[in-house]
Amino acid sequence: MHLKDTTTGEIMKALAGLLHDVGGTSSLALNLVALTTEDEREQVEQAASEAAQEHPYRLILVIPRDTDAAEPRIDAEVTLGERLGAAEAIILRLDGPAKEHLTSIVLPMLAPDVPVVTWWLLDPVRYGLEQELRTFADRRITYSARATDPVESLYRRSRTYVAGDTDICWTRITLWRSLIASAFDGVSAEVQGIDIKADREDPSARLMAAWLHNRLGVAPKVVDTDVERNSEHLPAIASVAFTMANGETMEVERKADGETVLRQAGMPKRRQLLQGRTLGQLLAEELRHIDPDTAYRRVLDTFRANHEPEAES
C-alpha cells in the first residue's frame with residue numbers, strides 16, 4: 001500500500017488495516033529501524049527479508065530523499081510479508097526538514113513490548129542523523145565500512161560508545177576470530193609478535209588488530225596490502241601470523257577463493273573455506289544478541305587507545 005504526502009497516523013491506520021485482513025496482530029520478536037539510501041534500498045530489503053526468517057520483526061526502513069526541499073514531506077509504503085518475508089514493513093521516504101524530526105516520526109510506529117534495534121546503513125554524519133534514533137534503542141548497529149571515512153567513523157563510535165552499540169564490521173570477523181581462537185588450542189608458548197597483512201582502511205582489519213592486542217597483550221604490526229575479496233562483506237585481511245617466544249610460528253592465510261590455510265609448527269596444514277557471508281546473515285547474527293556486547297566494547301577501547309596518537313599526528 002502506497003501513501004503519498006502522508007502522516008504517521010495514516011500510516012499506522014494502513015498497517016492496522018493490513019493486519020486486520022490477515023486476522024490480527026502478528027507475533028514479533030523486535031522492531032528494526034534501518035536507515036539507508038534509495039540506491040541501496042533493494043540490497044537492504046533483501047538482507048532484511050533474509051534476517052526476518054530467524055527474527056520476525058516490524059521493519060521501519062527510512063530513506064532520506066530530497067534533503068534540500070523547503071517543505072517536509074513523508075511518502076510511505078506499508079507491506080505485510082510480500083517481498084520482505086516474515087516482517088511487517090513501513091518504508092518511509094523523507095523530504096526536507098522531515099528528517100530533522102525522525103525520532104518523533106518513528107516512535108509512534110514501533111510495536112510495543114518488544115526490543116528496538118536501529119541499523120545505520122548510511123553515513124549518519126553526512127545526513128546529519130548521528131544522534132537520531134539512539135535514545136530509545138536497545139541495540140544500535142552501524143556499518144563503518146559504508147562511511148565516507150570508515151576508520152574515522154569507527155573512532156567516533158569508540159569515543160561515544162554506549163551499551164548496546166555494535167558494528168557489522170565487527171560481525172564480519174566472527175569466523176576469523178573463531179578460527180584463530182581454535183588454532184591456539186594446545187598452544188602453551190607466549191606470543192611474542194603478530195603480523196597482519198590487511199587493508200589498513202578496512203575497519204574490520206582495525207578491529208581484528210585491536211582484538212588480538214586485547215586478548216594476547218601484544219600490539220600487532222599491520223602491513224598495508226591489497227586484498228582480493230569475493231564478497232564486499234568479507235574483512236580485508238589476507239593473513240595473520242604469530243611468532244612465539246620459543247621461536248615457533250603460526251599463520252592463518254586466506255586465499256582469493258576463500259580457502260583459509262592454517263600453518264602451525266609440527267602440525268599438518270589445516271584448510272577451511274572462509275567465504276564472505278551475506279549482509280542478511282551478518283544482520284541475523286547481530287539480532288541474536290540484544291544484550292550489550294562487552295567484547296566489542298573492550299576491543300573498541302583498545303582500538304581508540306591505538307588510534308589516538310595517529311589521529312593527533
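A charge sits over a ring if NZ of Lys or CZ of Arg is within 6 Å of the ring centre and within 35 degrees of the ring normal. The model is predicted: local features need pLDDT of at least 70, side-chain atom pairs count only at pLDDT 80 or more, and totals for chains, interfaces and linings use all residues. Residues are numbered from 1 along each chain as its sequence is written, and side-chain values use heavy atoms, with hydrogens and water left out.

**View 1. R177 and two tryptophan rings.** The charged end of R177 sits over the ring of W170, 3.9 Å from its centre. R177 also lies over the face of W211, at 6.0 Å from the ring centre. W170 forms one aromatic cluster with Y161 and Y296.

**View 2. The F184 and F242 pair.** Three aromatic pairs turn up in the whole structure (Phe, Tyr or Trp six-membered ring centres within 6.5 Å; planes under 30 degrees apart are stacked, over 60 edge-to-face, the rest tilted). The ring centres of F184 and F242 are 5.1 Å apart with planes at 90°, so this pair is edge-to-face.

View 3. Four bridges join strand 13 (residues 259-264) to strand 14, and the two run antiparallel. T260 stands opposite Q272 in strand 14.

Definitions and conventions:
Pairing = 2+ DSSP bridges.
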